[in-house]
Structure formats: C-alpha cells, structure tokens
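Here are some exercises to work through with the model open on your screen. Try each one before you read its solution.

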Amino acid sequence: MSRLQYGKIALLISILILLVSCMEKKSNGLNTESEKIHIAVTLDPFAGFVQAVAGDDAEVSVVFPPNVSPHNFDPTPQTLMDVAECDLYFRTGDVFQLESVLMDKLSLMNEQLKTKDCSVGIDIIPHNTHYWLIPANAKIIVNNISEALIQNFPDREEIFETNTKKYLSELDKLDAEIIEKLSDLRTRTIIVYHPAWTYFAREYNLNEIAIEKHGKSPTPNDLKDLINLAKEQNIKAVFTEPQFESAHARTIADQIDAELVSINPLTENYIKNLSEAAEKIAKYGK
Ligand SMILES: [Zn+2]
C-alpha cells in the first residue's frame with residue numbers, strides 16, 4: 001500500500017467515526033425529547049384542553065393559527081408535516097368540513113396517524129362548528145381527550161386523571177359563573193357578526209342574531225331588518241371576532257348607535273376567555 005492509500009483510508013475512518021458520533025448524538029437527543037408526547041389539534045381552544053389534561057407531558061401543535069378565520073385558511077405544508085408526525089391527533093369532528101379535507105391530506109402523509117374525534121357524545125347543531133363554546137360541551141371534550149390519552153399512554157394514567165378531575169370542576173365553576181352573570185338581563189338578544197355563539201345562546205337562553213349567514217354577507221334587506229330589530233330591542237353592542245373583517249358590523253353598529261365589541265371564540269385560555277365573553281354580553285344586555 002502506498003502512502004497515499006494509507007492517507008485515504010485514515011481519512012475514511014475518521015469520517016466514519018465522525019458520522020457515528022453524530023448519529024449517536026442525534027438519537028440521544030431524540031430519546032430525551034420522546035419523553036414529551038406530541039399532540040396535534042385543529043383549533044386553539046382544544047390545545048388548551050389537551051394542556052389541561054396532559055400538563056407538561058405534552059407538546060401541542062395547532063393547525064389553524066388563532067388570528068385567522070378557520071373557515072377560509074390553508075395550513076402551510078410545514079404545519080401539515082408537523083401534524084402528520086404527531087403521536088395523537090385530536091379532531092374537531094365532521095361538523096368542521098375543512099378539517100375533513102385536511103384529514104384526507106394527513107392520512108396520505110401518514111397512514112398510521114392516530115386520531116380521536118373530540119365531538120363524540122356532543123349534541124351537534126347542523127353546520128355549526130362552534131360546539132366548544134359552552135362549559136357543558138367542554139367537559140365532554142375534556143373527557144374524550146382524557147380517555148384517548150390514557151388509552152395511548154397508560155403509564156401516565158394517574159396524572160391525566162388527576163388533571164382531568166381538577167379541570168372538570170373548574171368548568172363547573174365557569175358554568176355557574178356564566179349563569180350568574182347572565183341573570184337579570186334587559187334584553188337576551190345578541191347581535192353577532194359570525195354565528196359562533198349559537199351553542200352558547202341555546203345553553204344560556206339567549207337569542208343570537210348573526211349578520212353573516214352561512215359565510216355570506218347580508219343583503220340590503222337583511223341589513224334593514226337587522227337594524228329595525230336592533231332599534232326595537234335597544235341593542236347596545238354588535239359583537240365581532242378578531243378573526244373577521246367587520247365592515248358590515250361597523251355599519252350596523254353606527255346606524256343603531258351601538259358599540260362594536262370583540263369577543264373571541266378561539267383562544268387557548270378557554271376559561272378566562274369564556275368568562276370575559278359572558279361579562280361583555282352581560283354588560284351590554286343590562
Ligand atoms: Zn366560526
């Protein structure tokens with residue numbers, strides 16, 4: 001063997017050693033990270049529910065960012081790849097049509113993807129996705145999440161059960177608080193831009209009137225009727241959401257001399273958010 005050949009072999013060996021040590025480092029890294037469960041959800045409030053049950057054990061990816069309207073948004077390929085690799089994906093369910101499109105893509109990317117439908121056991125209002133916006137349904141969702149987490153990660157059962165129990169009792173408190181806040185209202189009619197509060201209205205005996213119907217802007221006649229009704233009932237607020245442009249809501253608010261008030265159906269801090277929404281509805285309904 002020539003000196004040159006020895007040199008080449010030595011170089012090859014050192015490259016091999018380097019490669020092996022890099023691979024070891026990588027697999028070590030993955031081992032420590034795999035302690036965290038990787039969960040994916042479609043919408044932000046569900047991330048909050050997962051976090052409430054799993055605590056620090058879970059890292060949660062959300063498909064739709066909180067400040068866009070999930071009714072017309074395409075998740076990025078990066079997000080889809082991240083979600084396709086998760087340990088368990090909590091679905092909003094078939095009532096959310098865009099999610100079904102998403103599921104087709106995800107199951108092509110990962111045939112083994114484990115999913116759980118959070119809407120199981122909930123009395124769904126046809127074509128209305130926003131079922132999480134009452135504590136009674138949040139309790140069903142949290143139980144569904146808890147059940148699936150325990151089934152998939154039985155070694156953490158105890159911690160999941162403790163966390164679930166605690167959160168369910170907080171949801172009971174929230175429900176009582178909302179009932180209290182919404183007692184003695186002058187009017188039980190609320191005008192909203194987008195019909196996100198239909199479940200909330202049904203649960204707490206309110207009359208929700210939406211400016212936008214089935215994703216469509218109101219006709220001039222619809223607007224006229226709405227303005228008449230608002231004047232009749234002396235409505236003092238038109239509720240909008242941060243995810244929507246609110247030109248129509250502004251028009252109505254101006255014409256009936258009401259305020260434009262934002263309430264958010266999509267935040268991770270569910271309890272605080274729903275309590276604030278009830279507070280605002282109460283304030284303008286008194
Ligand atoms: Zn919506």
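**Exercise 1.** Find the bridge partner of Arg 91 in strand 4.

*Solution.* Step 1: go to strand 3, residues 88–91, which pairs with strand 4 in the parallel sense over three bridges. Strands here are DSSP runs of E with at least two residues, helices are runs of H or I with at least four, and both are numbered from the N terminus. Two strands pair if DSSP finds at least two bridges between them. Step 2: read across from Arg 91 to strand 4, where its bridge partner is Asp 117.

Before going on, note that this is a predicted model: local features need pLDDT of at least 70, side-chain atom pairs count only at pLDDT 80 or more, and totals for chains, interfaces and linings use all residues. Residues are numbered from 1 along each chain as its sequence is written.

**Exercise 2.** Identify the buried residues of helix 10 and how they are arranged.

*Solution.* Step 1: count C-beta atoms, placed from the backbone; a residue is buried if 20 or more others lie within 10 Å of its own, exposed if 12 or fewer, and partly exposed in between. Step 2: list the buried ones: Tyr 270, Leu 274, Ala 277, Ala 278, Ile 281 and Gly 285. Step 3: look down the axis of helix 10; these buried residues fall within an arc of 95 degrees (taken from the directions from the helix axis to the C-beta atoms), so they line one face of the helix.
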